[in-house]
Amino acid sequence: MSENARNRLLLALSIVMAAIYLFPLYWMYVTALKSGSEMFATPPSFWPSSAQWSTFAYVWESRNMGRYLWNSTVIAFGAVALIAMLGTGCAYVLARYRNIWVDIGLFLILMFQVLPASLMITPIFVGFSQLGLLEYPRLAVILAITAKSMPFFVVLVRATFMAVPMELEEAALVDGNSRIGAFLNIVLPLARNGILVSAILIFMQAFGEFVYSKSMIQDIQLQPASVGLNSFMGPNTSEWNNIMAYATMYVTPILAIFVLLQRRIVSGLTSGALK
Amino acid sequence: MKRVFSSITDGRGFDLVLVGVPFTFLLALSGLPLLYNILMSFQEVDMFSLGSVIRPFVGFRNYLDLFTQPETVSILKNTIVFVVGSITGQFLVGFALALFFWINFPGASWLRGLFLVSWVMPGLVVGAIWNWILSGDFGVLNFLLQQTGLMSSNIFWRSDPNFSLWAVILANIWLGTSFNMILLATGLSAIPADLYEAAEMDGANAWQRFWTITLPMMRSTIGAIIALGLIFTLQQFDLFAAITDGGPNNSSNVAQYWAWDLSFRQYDFGKGATISVIMTVFVMFAATVYVRSTRHEVRG
């Protein structure tokens with residue numbers, strides 16, 4: 001078999017595998033476009049006979065999705081801003097030195113990273129309610145997400161700072177920059193892309209966060225889209241086309257960002273996760 | 001005052017501030033809750049005593065109560081099945097895919113990256129989609145299984161106690177496979193190619209090369225990935241909320257979901273804290289294994 005034919009065969013095979021793997025995603029889009037009766041047809045149709053685009057407008061209006069997505073955005077932006085402010089400097093220092101204290105710091109970071117949210121929510125909820133923080137539920141969720149996700153951000157961004165040559169910073173210091181000046185003018189711009197990709201990853205996670213929001217935000221006006229989806233799916237629901245339309249509007253922006261930045265996200269993820 | 005300020009902008013103080021502030025934050029919002037959790041596991045905490053720190057001290061009663069409750073054993077068993085089933089599935093499928101995409105052909109790395117879509121999606125959306133796919137009467141999985149002749153009647157994945165846990169495991173395998181694959185692919189690409197060339201010259205076939213080179217060279221990567229898998233499966237919550245809600249009759253309940261359920265549905269925060277303490281010990285153990293298996297690799 002020639003090289004060319006082999007490549008084509010492998011490509012076809014891998015496309016088939018990707019198609020099988022991504023079938024759930026396809027099924028979400030197809031179901032969202034089906035009518036109420038077509039959705040329950042046997043055998044199920046794998047292509048909508050007449051696409052019901054009006055479902056999207058109907059679900060957007062009736063479920064008040066604008067409000068839900070706005071709350072998700074507020075929470076995700078708040079968490080990312082706080083994480084980037086606190087985590088970037090921390091990652092920089094942990095990347096710059098090699099000693100026992102850095103090792104201890106990294107170990108602590110990892111320990112904080114692995115704590116499951118569903119286990120931490122009990123003490124956080126009780127503690128926050130005693131401090132009165134639950135009066136500001138979205139802020140409470142932002143703080144909780146920050147504590148949960150900052151360690152991951154630090155690990156990812158630290159890998160980026162490791163790739164910035166130390167000599168550049170030293171040269172800036174010799175030229176009369178202060179530490180803070182060298183950090184802001186030399187190191188930070190060089191690490192900008194890595195920080196941005198990590199921030200986007202954290203944003204996508206925070207955008208879909210569920211445990212903390214479900215437990216701490218009682219007021220429906222302030223709930224994010226994940227909680228909204230959860231309350232949409234009652235135990236005996238039959239509105240699957242509407243639910244899938246909701247899910248479509250919720251994830252499509254995330255998927256679009258992912259497909260655009262796929263290469264960077266994958267390489268950022270692999271550089272941080274195993275080191 | 002001036003000396004302190006100049007140290008912060010241009011000296012040791014700069015590093016200390018950069019590292020000190022986030023660590024203070026983390027200790028306050030993760031470290032303290034951890035300790036508070038332990039304290040609460042020895043107290044009786046309900047809706048009425050929520051506001052006070054000094055609550056009735058009950059010693060080990062929460063722990064003893066939990067282990068005499070009838071559902072405890074089955075929930076712990078579910079947790080083990082969930083963890084082992086998920087990790088095995090994710091790892092095997094992920095490894096097979098990683099090995100396939102290891103063959104170099106144009107488009108391989110782009111298509112491989114596409115799989116990570118499952119990882120960036122909100123867990124609740126993944127759960128909603130699988131909930132619909134696994135639906136008993138109209139689910140597409142049942143249809144496909146019957147078409148291919150693998151089974152003759154519909155399985156009620158979500159409401160049959162024999163299958164409800166496996167419904168969540170199936171969704172979790174789908175969710176975690178891509179992450180396993182990407183990390184395994186990174187490990188594979190780090191194996192020096194000349195090892196394979198040498199083995200090929202010595203006449204080793206593909207099967208022998210896999211067992212004598214690939215697996216031994218991947219040992220620490222595989223250890224790290226299994227530890228990470230343990231950490232991730234013990235964090236899984238959204239899929240339970242979206243697919244089975246722990247039911248029917250606790251048949252798909254696992255420890256991390258139960259802890260939340262005790263606290264936020266039954267308002268028994270003391271017991272919720274007790275399970276959390278026990279599970280946290282397991283998670284920290286997994287994290288230590290992870291650190292040990294990555295330590296031998298060249299860092300940075």
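View 1. Asn249(B) counts as exposed, with 11 C-beta neighbours inside 10 Å; a residue is exposed if 12 or fewer other C-beta atoms, placed from the backbone, lie within 10 Å of its own, buried if 20 or more do, and partly exposed in between. The loop that holds Asn249(B) runs between α13 and α14 of chain B. Helices are DSSP runs of H or I of at least four residues, strands are runs of E of at least two, and both are numbered from the N terminus. Phi of Asn249(B) is near 55 degrees, a positive value in a residue other than glycine. Asp245(B) is placed in the loop between α13 (238-243) and α14 (255-264) of chain B, and its phi, near 60 degrees, is likewise positive in a residue other than glycine. Asp245(B) counts as partly exposed because it has 17 C-beta neighbours inside 10 Å. Most residues other than glycine have a negative phi.

This is a predicted model, in which local features need pLDDT of at least 70 and side-chain atom pairs count only at pLDDT 80 or more, while totals for chains, interfaces and linings use all residues. Residues are numbered from 1 along each chain as its sequence is written, and chains are lettered from A and ligands numbered from 1 in the order in which they are written.

**View 2. The crossing of helices α1 and α2 in chain B.** The axes of α1(B) (residues 2-10) and α2(B) (residues 12-41) come within 5 Å and cross at roughly 75 degrees; axes are lines fitted to C-alpha atoms, for helices over the stretch in contact, and angles run from 0 to 180 degrees between N-to-C directions. α1(B) is therefore roughly perpendicular to α2(B), a class that covers 65 to 115 degrees, with angles under 35 counted as roughly parallel, over 145 as roughly antiparallel and the rest as oblique. From α1(B), Val4(B), Ser7(B), Ile8(B), Thr9(B) and Asp10(B) meet Arg12(B), Gly13(B), Phe14(B) and Val17(B) of α2(B). Two residues are in contact if their C-beta atoms, placed from the backbone, lie within 7 Å. The contact comprises 4 nonpolar, 3 polar and 2 charged residues; Ala, Val, Leu, Ile, Met, Phe, Trp, Tyr, Cys and Pro count as nonpolar, Asp, Glu, Lys and Arg as charged, and the others, Gly among them, as polar.

**View 3. The contact between chains A and B.** Chain A contributes 77 residues to the contact and chain B 79 residues. On the side of chain A that touches chain B, helix α6 (residues 117-131) of chain A gives the most, with 12 residues. That side divides by class into 56 nonpolar, 18 polar and 3 charged residues.

View 4. Ser238(A) is situated in the loop between α12 (225-232) and α13 (240-260) of chain A. With 13 other C-beta atoms within 10 Å, Ser238(A) is partly exposed. Its C-alpha atom is separated by 9.1 Å from that of Gly36(A), 202 residues apart along the chain. Chain A is divided into domain 1 (3-52) and domain 2 (64-273), with bounds from an automatic or database domain assignment. The C-alpha centres of these domains of chain A lie 32 Å apart. Their contact takes 7 residues from domain 1 of chain A and 6 residues from domain 2 of chain A.
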